[in-house]
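Hi,

Here is the structure I said I'd pass along.

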Amino acid sequence: MKSPVHTLLTSLVMPLCGAAILFGCAYYNGLYNANRLAGEAREAGRDGRTGEARSLWSRVVVKTDSVLARYPNSGYRDDALLLRGIALHEIGSCSQAVDPLREVVDSSPDPRLRSRAALTLARCHLALERPDSAVLVLSALVEDPTAGLIDEAYWVRGTAFLAQEEYELALEDLIRTDEELAAFDRARALSQLDRGNEAVDALVPMVDGPYSEERWQVTLGRLGRLYPARASRLTDSVLARGRLTRAERARILIADGLRLSAHGMMERAAARYEQAVAVSGDQVERYLARVYSLMDRVRTTGDLGEVPLLLEGLVGASSANARAAVAAGPAVVVLGKLVRDSTESAWSDLDGFLLAEELRDLLEAYALASTQFQAVAEAYPNSILAPKALLAAAAIDPEHERVLLARARAEYPNSPYILALTGEGDERFAILEDSLLVLTRGSNSRELMDRELRGVEPAGDGDRELQGDELGPR
């Protein structure tokens, strides 16, 4: 059904078309239809109908392409180029939008069209990770006395300076603009300039405004990397607004928990995860919060006896939700190996060592990794890997570092690893490391390692760990 506006415009235009200017009317109708679609696309976007909006913008591209191809010399060419550039920007095709927008900026006599084209062009440069080009375009715009949209231009140029990590320049522009949403970018600039309290102050007025989950999550994430406690307090303010859905509440709580955990604030992180479980109901966020809570416990415990219960909890959360399964996947695999090894007692020195490395590198479970490294040295005291395991444990266990280093030096004084630690190493260290690298890739190079080490002059009679019959199970 046609809108009243469309009917009125058609009634005015068509008689003229019948009178001798068919060319111009056909062009105008084509551009009118493109603008109508653009209006519908904007409305769909405001309503959150993103798929429909994208489809409508794609139709705008087709319409403007047709108009420009059929009427290349029309007086409305700049309008069509601008609309085409805006539509391409909206569907994420900025590489194609640059040329039509640049043409309008460079040649249009209409300052209104130039301003809109410059802003859209700058946004495309930002999307294409070319902030310097965005700054160049907008600097010309803000210095043009005939240009409009200056407030918006300062905002976009401020975000371009942020992308260049020019935080002082960014703040200067972001203070100049009256655009309300620029407060989020202003807070980012302030936090990067170590002005955390001012960053929070900039965001406080936004708490009672329309809620944008993406803006708040991104902004709190950036603020929280430097000021986790302040970001957490601001999270409470956002939660107090009362207009968030259960899922939105759970997601913002989980994000805060992850930030707190990254800064070692484990108790506060655990409380956030508990809140997320409580508010989420039986939704995906419930199981994600459970996984993250259990993962924090994996990272902090050094008690191997606690691992089966942690593994059981992770498996339970994983079985309930696919996203939780992805988040818990690495931990389920590594802890599963650890539980099997502790019950079967069938792991080799190399298998045990590699498992400890997985605990350290994949899960950041340093206490468990230290326990496992020491277990390797206990189970295989005559293995070449024993001193390496003790040194690895010392590196991630500050509380017991001195004791572990002293033990390694006392029990393995002639090990290539101990000698390398004191700066007295020889080529045996390189041979060991190269051979272990081959072993970890699945090739059986123990005989090669043994043979190469036998060909090197021993460091002394105490070098017992280098003998081939004491490498541990093969």
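Helix 12 gives the most to the lining of the largest pocket, with 6 residues. Helices here are DSSP runs of H or I with at least four residues, numbered from the N terminus. A pocket is an open set of points on a 1 Å grid over the protein atoms alone, where a 1.4 Å probe fits, with protein on both sides within 12 Å along at least five of seven lines; lining residues have an atom within 4 Å of a point.

Before you dig in: this is a predicted model, so local features need pLDDT of at least 70 and side-chain atom pairs 80 or more, while totals for chains, interfaces and linings use all residues. Numbering starts from 1 along each chain as its sequence is written, and side-chain values use heavy atoms, without hydrogens or water.

Back to that largest pocket: about 920 Å³ of space lies in it, the volume being what probe spheres set on the points fill, with points joined across faces, edges and corners. Of its 25 lining residues, Trp155, Thr159, Asp185, Glu214 and Arg215 are the closest to the centre. Helix 6 (111–127), helix 8, helix 10 and helix 12 (213–226) each supply at least two lining residues.

The second largest pocket has about 580 Å³. Arg42, Gly45, Trp57, His89 and Glu90 are closest to its centre, out of 16 lining residues. Helix 2 (22–46), helix 3 (50–70), helix 4 (77–90) and helix 6 each give two or more residues to that lining.

Overall, the protein chain has 25 helices and 0 strands.

Cheers
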